[in-house]
Amino acid sequence: MTNIFRPHSLRALLLRCLLLAFCLSAHAAKAEEIQSPNRNLTLHFALGAAGAPTYSLSYKGRPVIKTSRLGLDLKEGPGLTDGFAVASTSTSAVDERWNPVWGEVKTIRNHYTQLTVTLTQAATRRTMLLHFRLFDDGLGLRYDFPKQPNLDYVVIKEERTQFALAGDHKAFWLPGDYDTQEYHTTTSKLSEVRGLMNKAVTPNASQTTFSPTGVQTPLMLRSQDGLYINLHEAALVDYAAMSLDLDDRNMVLESHLTPDARGDKGYLQTPAVTPWRTVIVSDRAGDILESKLVLNLNEPTRYKDVSWIKPIKYVGVWWEMITGRSSWSYTDEGNIKLGSFDYARAKPNGTHAANTANVKRYIDFAAKHKLDAVLVEGWNVGWEDWFGKHKDEVFDFVTPYPDFDVQELHRYAASKGIKMMMHHETSGSIRNYERHMDAAYRFMAENGYSAVKSGYVGNILPRGEYHYGQWMNNHYLYAVTEAAKYKIMVNAHEAVRPTGLSRTYPNLIGNESARGTEYESFGGNNADHTTILPFTRLIGGPMDYTPGIFETRISAYNPKNKSFVHSTLARQLALYVTMYSPLQMAADLPETYEKYLDAFQFIEDVAVDWDDTRVLEAEPGDYITIARKAKGKSSWFVGSTCDEQGRTSSIDLGFLDPGKSYAATIYADRKDAHYEKNPQAYAIRKMKVSSATKLSLYCAPGGGYAISIVAQ
Ligand code: NOJ
Ligand code: CA
């Protein structure tokens with residue numbers, strides 16, 4: 001047997017060394033370039049110094065991502081960051097269309113050019129693949145580790161994916177906390193992040209911010225020359241969520257994974273892939289909102305039967321607790337260990353909202369106004385102690401309080417064609433939830449509940465785990481797939497920010513994972529909040545924002561609560577269109593809606609599933625105007641939201657079918673409306689419109705408008 005590398009002589013050895021060096025340098029010099037299908041985007045791959053993989057991205061010849069390094073550091077042994085040679089490259093192209101189970105459009109085009117680079121690390125005999133998918137609206141890139149003897153089971157120390165930006169962009173950012181996403185968005189230049197970080201970390205946050213320049217994704221950026229860039233991730237499965245650390249001298253962002261209780265960043269066993277790292281880019285802000293890149297990078301649905309998955313419009317026994325008017329708990333006596341709750345002994349506190357009579361009121365309202373479901377929070381034993389000494393196992397998710405009659409409410413709701421929506425506050429006690437999960441979902445199926453709102457308030461148990469670490473991300477997905485066995489849809493609050501997984505698991509019907517309407521009762525959201533969220537949080541998937549608050553003074557429900565909603569009433573209607581979600585709550589109380597039935601008509605009419613979506617106007621932090629066509633219908637709905645400045649919105653109804661006549665109902669701010677001083681000043685007018693109609697509509701400070709357009 002001959003070994004070509006066995007040295008026969010010094011000369012032969014030298015020759016072989018030279019040959020090897022030539023081969024390696026030939027690989028090192030090897031660069032690959034691909035273009036997006038419309039040629040606007042160019043992706044360049046090259047091996048840099050010492051065999052370090054790098055990439056760069058340009059849009060219409062302008063740099064978006066300058067040369068940036070790729071790789072991972074491992075807890076043990078050499079990292080997967082350099083010493084690589086290119087073993088092979090291949091390109092491919094895909095152009096296909098698919099129909100989401102629910103969504104903003106009926107059909108989605110998945111159209112990209114792919115470059116796959118196979119890298120070998122000679123010193124360790126390890127192989128790593130890089131996949132780059134270049135769409136017309138951006139880039140997805142991921143690491144792929146095939147099964148191999150020298151890379152079997154690894155512990156990640158840190159991922160080293162860089163995004164070297166071309167300037168000191170304007171950024172819409174949240175601190176890179178491991179445990180909460182419920183911050184105000186700060187808008188600043190990247191160079192100002194460090195100085196503003198302390199102010200950005202609000203007092204009720206978990207305070208685990210890891211770095212003075214660490215920010216969360218989706219991160220929205222705007223360059224000085226008008227490029228809109230969004231950084232996020234897609235298909236976050238069995239991996240820790242990524243934040244971005246900023247080197248603010250060089251304007252280089254670098255991946256920062258959420259650690260586990262031991263400080264490790266993740267565990268991989270080959271074969272394994274990472275989530276996709278995504279860069280959406282355009283010179284038109286509306287393209288960022290219309291992008292389907294994150295969904296396209298996720299796998300098609302795993303479910304054979306999806307007929308049970310349906311968008312939902314709902315009311316709930318909820319806002320009365322959030323405002324502090326009512327309580328989740330039946331009693332004020334705390335420290336009652338689960339299983340020892342004594343119905344006869346517990347003293348009712350008189351403010352428990354989830355009682356049979358009150359829930360029936362919501363069911364009646366839902367039925368009268370053709371809504372789909374009623375959510376009830378605080379129905380089950382445990383709330384009296386959810387932050388007490390029994391937090392570890394405070395809920396069993398099947399034991400109702402004495403004043404909540406599960407069977408009677410099941411019967412009553414079914415008789416009116418209304419579905420019940422379950423609530424599982426886990427108190428962050430994950431093993432307790434997993435232990436009870438099967439019984440809890442079975443209980444739901446038996447009692448007419450087709451969807452569950454789950455929650456993860458507080459520090460995670462087991463102690464030391466973070467909300468967005470690999471272990472927790474696996475839990476969130478486990479809950480979704482377990483729920484699917486009982487045909488249950490999941491709306492998880494405080495869970496990891498979504499990454500398009502609802503394509504694969506469409507019963508993940510909603511998430512909160514950002515600062516929702518509840519904060520209007522806890523001091524307020526900024527007036528421009530809803531002009532930013534669609535560019536940030538919603539890039540990964542829909543949000544259960546819970547709009548529709550008509551009584552904007554919280555003191556009307558709870559005199560002690562001085563908060564107010566930072567929005568006009570008309571803008572609350574607009575949010576059903578601008579904040580896309582297949583799950584929409586009418587969050588205010590039925591008795592309030594009864595006072596404003598003319599405005600409530602929009603909530604009653606608005607669709608929750610769509611055939612088409614057009615972003616008519618958009619600028620992050622300033623305004624968003626969107627038109628959507630109801631699924632399977634000819635009617636359209638328009639929503640517009642603006643910041644604290646107010647503005648005049650000019651739209652063209654050219655999206656309507658030419659030649660058809662439509663009846664439009666416009667719900668708009670009056671001239672004297674103002675989110676703080678006069679939020680309920682709205683006017684409703686009706687007019688005939690067609691595809692030739694152009695409208696100029698006033699949006700008050702913190703205001704907006706909503707329009708329903710019905711074919712005649
Ligand atoms: C926080 C959630 O966002 C809110 O909707 C829920 O009511 C409370 N947790 C209680 O679970
Ligand atoms: Ca929350």
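R125 lies in the loop between strand 7 (108-121) and strand 8 (126-135), where helices (H or I, at least four residues) and strands (E, at least two) are DSSP runs numbered from the N terminus. Residues are numbered from 1 along each chain as its sequence is written, while chains are lettered from A and ligands numbered from 1 in the order in which they are written. The model is predicted, so that local features need pLDDT of at least 70 and side-chain atom pairs count only at pLDDT 80 or more, whereas totals for chains, interfaces and linings use all residues, and side-chain values use heavy atoms, with hydrogens and water left out.

The phi of R125 is near 55°, a positive value in a residue other than glycine. At 71% relative accessibility R125 counts as exposed, on a scale where buried means under 20% relative accessible area, exposed over 50% and partly exposed in between, for a 1.4 Å probe and protein chains only. S513, which is not a glycine either, also has a positive phi of about 55°, but at 2% relative accessibility S513 counts as buried. S513 is found in the loop between strand 27 and helix 10 (529-532).

The domain assignment, which is automatic or comes from a database, divides the chain into domain 1 (31-296) and domain 2 (312-609). Their C-alpha centres lie 32 Å apart, and 48 residues of domain 1 are in contact with 45 residues of domain 2, contact being heavy atoms within 4.5 Å.

The calcium ion (ligand 2) is coordinated by E182 (OE), E494 (OE), E512 (OE), E512 (OE) and E518 (OE), at 2.2 to 2.6 Å; donors are N, O and S atoms within 2.8 Å of the metal (3.2 Å for Na, K and Ca), and sites may look incomplete because water is not among the atoms. E182 lies in the loop between strand 12 (170-173) and strand 13 (186-189), and E494 in the loop between strand 26 (489-492) and strand 27 (508-511), so the pair ties together parts that are 312 residues apart in sequence. Both count as buried, E182 at 11% relative accessibility and E494 at 14%.

In helix 7 (residues 406-415), the residues V406, L409, Y412 and A413 are buried. These residues cover an arc of only 130° around the axis, which puts them on the same side of helix 7, the arc being that of the directions from the helix axis to the C-beta atoms. They pack against helix 6 (356-368), strand 24 (419-425) and helix 8 (430-446), whereas the face turned away from this buried side carries the exposed residues Q407, A414 and S415. Just after helix 7, G417 takes a positive phi of about 75°.

H352 lies in the loop between helix 5 (319-322) and helix 6, and is buried, with a relative accessible area of 6%. The C-alpha atoms of H352 and S326, although 26 residues apart along the chain, are separated by 5.9 Å.
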